[in-house]
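Visitor: I've got this one open on my screen and want a quick tour. Can we start with the inside and work outwards?

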Amino acid sequence: MTGTENHPITDLGTLKALAHPLRMRLYRGLCVARTATASQLAEQVDEAVSLVSYHLRKLAEHGLIEAADPQSGDARERWWQPATQGVSIRDKDFRYAPERAAAHLAATRLFHQQRSDMYRRYLDERLTWGPEWASAAPDNESLLRLTAAELAELSEELLALAKKYDEKGRAAEAAGETEGRENVALHALAFPFRA
């Protein structure tokens, strides 16, 4: 991985490349695995290796993923990794043209649908995780009275806190502390509404 920060997506082509259901699943799977081959990812998403390879090349064309150092002695295997820590897609980069705004909305809906699917799968499997994980996994809702500036400040603080824990977990894992460590998805939504 060449970068440690999120890659801001500001162009329509890259947004459309990522906003494909299978590509987003592959990208997310690669972010979790950190490095993987098309064969490994194809097994995760239950698709043909040739199809997965095609979509990985499309993600690479847009700088979202890149070739990784080989992880085995098999020279025929091509390894991939995310090009950066993640991506960020901001409304401000897409709202001023109808086609861009429509593409951003469609992508956002896809991303949230996939996140909802992930959470539903966790709920269906919650009993298999045991009481320690079930107790540790929050399910909260807070109804706040904020200004747009305060909501932006809250968002930045939440991102900084998540980054702190990500760095802490990666450092512990690099030091060999892997016992009990699992992948954790943190989905935070905050939006204005009127009752």
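**The core, the sheets and the surface**

Guide: The largest nonpolar core has 25 residues, and Leu18, Val52 and Leu56 have the most contacts inside it. Keep in mind that this is a predicted model.

Visitor: Which elements give two or more residues to this core?

Guide: They are α1 (12–18), α2 (21–33), α3 (38–45), α4 (49–61) and α5 (98–136).

Visitor: And where does the largest share of this core come from?

Guide: From α2, with 5 residues. As background, nonpolar side chains tend to be buried together in soluble globular proteins.

Visitor: Take Leu18. What does Leu18 touch, leaving out residues up to four places away in sequence?

Guide: Leu18 touches Ile9, Arg23, Met24, Tyr27, Leu59, Leu64, Val87, Ile89 and Phe111.

Visitor: Now Leu56. Buried or exposed?

Guide: Leu56 is buried, because its relative accessible area is 0%. Leu56 sits in helix α4.

Visitor: What does Leu56 touch, again not counting residues up to four places away?

Guide: Leu26, Ala38, Leu41, Ile65 and Trp80.

Visitor: How far apart are the C-alpha atoms of Leu56 and Tyr27?

Guide: They are separated by 8.2 Å, and the two residues are 29 apart along the chain.

Visitor: OK, strands. What is the order in the open sheet?

Guide: The order is β2-β4-β3, so named for its 3 strands, and the pairing is antiparallel.

Visitor: Which strands stand at the edges?

Guide: β2 (36–37) and β3 (65–67). Each has a single partner strand, so one side of each has no neighbour in the sheet.

Visitor: How many bridges join β3 to β4?

Guide: There are 3, with β4 covering residues 79–82. Ala67 has Trp80 as its bridge partner in β4. Ile65 is partnered with Pro82 in β4.

Visitor: And how many bridges are there between β2 and β4?

Guide: 2 bridges, in the antiparallel sense. Ala36 stands opposite Trp80 there.

Visitor: What about the faces of β4, covered or open?

Guide: Both faces are covered. Trp79 and Gln81 are buried on one side, and Trp80 and Pro82 are buried on the other.

Visitor: Now β5. Which side chains of β5 point to which face?

Guide: The side chains alternate along β5 (residues 86–89). Gly86 and Ser88 point to one face and are buried.

Visitor: Does β1 run parallel or antiparallel to β5?

Guide: Parallel, with 4 bridges joining β1 (residues 6–9) to β5. His7 has Val87 as its bridge partner in β5.

Visitor: Switching to charges. How many salt bridges are there?

Guide: The count comes to 6 salt bridges.

Visitor: Which residue forms a salt bridge with Lys16?

Guide: Glu99, with the closest N and O atoms 3.2 Å apart. This pair links distant parts of the chain: Lys16 is in helix α1 and Glu99 is in helix α5, 83 residues apart. Lys16 is partly exposed, with a relative accessible area of 45%.

Visitor: And what does Glu61 pair with?

Guide: Glu61 forms a salt bridge with Lys58, and their closest N and O atoms are 3.7 Å apart. They are 3 residues apart in helix α4, so about one helical turn separates them. Glu61 is exposed, at 57% relative accessible area. Lys58 is partly exposed, at 23%.

Visitor: Last stop, the surface. Which residues form a nonpolar patch there?

Guide: Leu143, Leu189, Phe191 and Phe193. Together they have about 500 Å² of accessible area.

Visitor: Where is Phe191 found?

Guide: In the segment after α6 (148–174).

Visitor: Why does Phe191 count as exposed?

Guide: Because Phe191 has a relative accessible area of 57%, and the cut-off for exposed is over 50%.

Terms used. Residues numbered from 1 in each chain as written. Predicted model: local features only at pLDDT ≥ 70, side-chain atom pairs only at ≥ 80, totals over all residues. Heavy atoms only, no water. Patch = residues over 30% accessible without salt bridge, like charges linked within 9 Å, V, L, I, M, F, W, Y side chains within 5 Å. Areas by Shrake-Rupley, 256 points an atom, 1.4 Å probe, with all protein chains shown as cover. Salt bridge = Lys/Arg side-chain N within 4 Å of Asp/Glu carboxyl O. Buried < 20%, exposed > 50% of the residue type's maximum accessible area, 1.4 Å probe, protein only. Core = buried A, V, L, I, M, F, W, Y, C linked by side-chain atoms within 4.5 Å. Contact = heavy atoms within 4.5 Å. Pairing = 2+ DSSP bridges.
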